[in-house]
Amino acid sequence: MNGVQDMGGMHGMGPIQLEKDEPVFHAPWEARAYATTRAMGAWR
Amino acid sequence: MSTTRRGFLTTAATAVGGAATHDLTHVNHQQQDHDHQAVPSDIALLVKALESLLVEKGLVDPAGLDALIDTYEHKVGPRNGARVVARAWADPAYKQRLLTSADAAIAEMGYGGLQGEHMVVVENTPKVHNLIVCTLCSCYPWPVLGLPPVWYKSAPYRSRTVIDPRGVLREFGVELGKTWRYASGTAQRNCAIWCFQNGRRQGEDERGGTGHARHTGCDGRRREGGGKAGRRA
């Protein structure tokens, strides 16, 4: 794989931002969007 | 377009608030300030509109969505991986099955499904520390470890793990001695790898409160010196 989507080895992305006690979803809409995506996957 | 929609909603909410104020002139100003309803964010409105549309078309069931959310918030997560690892610590035969046929061994514990179909388990040893990264799309074994944390999907982690694995580990509080090497495997493999520490620590039991099973990648890259990493750690 050699393309822009492969980020391995790229420079300039800065430090890793660690979030203490990270929730599964950061906002209610994230949860709804994820669940909707998964549910619609059943129709594929 | 979204600005227009948001502007419309803000104006509408303000107008409603204003109308209410006319009818309630006896209400003091301090209370009026709390009568306004905050307009949801654009993305929240968009997701709600999408869900409403899909429900209206009979394609999704809101109760089913609630169940999915509850599953990922309370039933699936690193705790599942921790149970698998803890059993491997206590059961050598299971550990062997886990290292040779991960999907089947993990299924014995009742975990499997979407994004967990092609898992590989590798073992950390006193000399080898496996650092797992997906440099492409950051897939993750959802049924075993839950949804990935934001840092795992982030550009800094996906880019720097390849060229500065020791530095990345240091940011997580893991300092490897010079005698450690990190494991390799540059082939693109459509699978998820996760690793575990060999041996339990004091106070950890088979139900697993720890979960050294942590990092996976859909391209399953493991590094050992050369390759794209280009240097020994």
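Two exercises with worked solutions follow, set on a predicted model and concerned with the contact between chain B and chain A and with the second largest pocket.

**Exercise 1.** Describe the contact between chain B and chain A, going from its extent to its polar pairs and then to the elements on the side of chain B.

*Solution.* Begin with the residues taking part: chain B brings 37 residues to the contact, while chain A brings 29 residues. Next take the area, for the two chains bury about 3,100 Å² between them, and carbon and sulfur atoms give 69% of this.

Then turn to the charged pairs, of which the rule finds two salt bridges across the interface of chain B and chain A. One of the two joins the side chains of Arg32(A) and Glu51(B), with an N to O distance of 2.8 Å, and this pair qualifies because the cut-off for a salt bridge is 4 Å. With both residues at pLDDT 80 or more, nine residue pairs in polar contact are counted between chain B and chain A.

Finally, assign the side of chain B that touches chain A to its elements: α3 (42-56), α4 (62-75), α9 (150-153), α10 (155-163) and α11 (165-171) of chain B each give two or more residues. The largest share, eight residues, is that of α10(B), and by class this side of chain B holds 25 nonpolar, four polar and eight charged residues.

**Exercise 2.** Characterise the second largest pocket by its space, its lining and the elements that contribute to that lining.

*Solution.* The space in the second largest pocket is about 280 Å³. Its lining consists of 16 residues, and those nearest the centre are Val24(A), Tyr34(A), Leu147(B), Pro148(B) and Lys153(B). Two or more residues of the lining come from each of α1 (28-41) of chain A and α9 of chain B. Sorted by class, the lining comprises ten nonpolar, three polar and three charged residues.

Notes: Residues are numbered from 1 along each chain as its sequence is written. Chains are lettered from A and ligands numbered from 1 in the order in which they are written. This is a predicted model: local features need pLDDT of at least 70, side-chain atom pairs count only at pLDDT 80 or more; totals for chains, interfaces and linings use all residues. Side-chain values use heavy atoms; hydrogens and water are left out. Contact means heavy atoms within 4.5 Å. Buried area is the accessible area (1.4 Å probe) that two parts lose on being put together, summed over both. A polar contact is a pair of N or O atoms within 3.5 Å; within protein, one must be able to donate a hydrogen and the other to accept it, and residues adjacent in sequence count only if both atoms are side-chain atoms. Helices (H or I, at least four residues) and strands (E, at least two) are DSSP runs, numbered from the N terminus. Ala, Val, Leu, Ile, Met, Phe, Trp, Tyr, Cys and Pro count as nonpolar, Asp, Glu, Lys and Arg as charged, and the others, Gly among them, as polar. On a 1 Å grid over the protein atoms alone, a cavity is a set of points where a 1.4 Å probe fits but cannot get out, and a pocket is an open set with protein on both sides within 12 Å along at least five of seven lines; lining residues have an atom within 4 Å of a point. Grid points are joined across faces, edges and corners, and a volume is the space filled by probe spheres set on the points.
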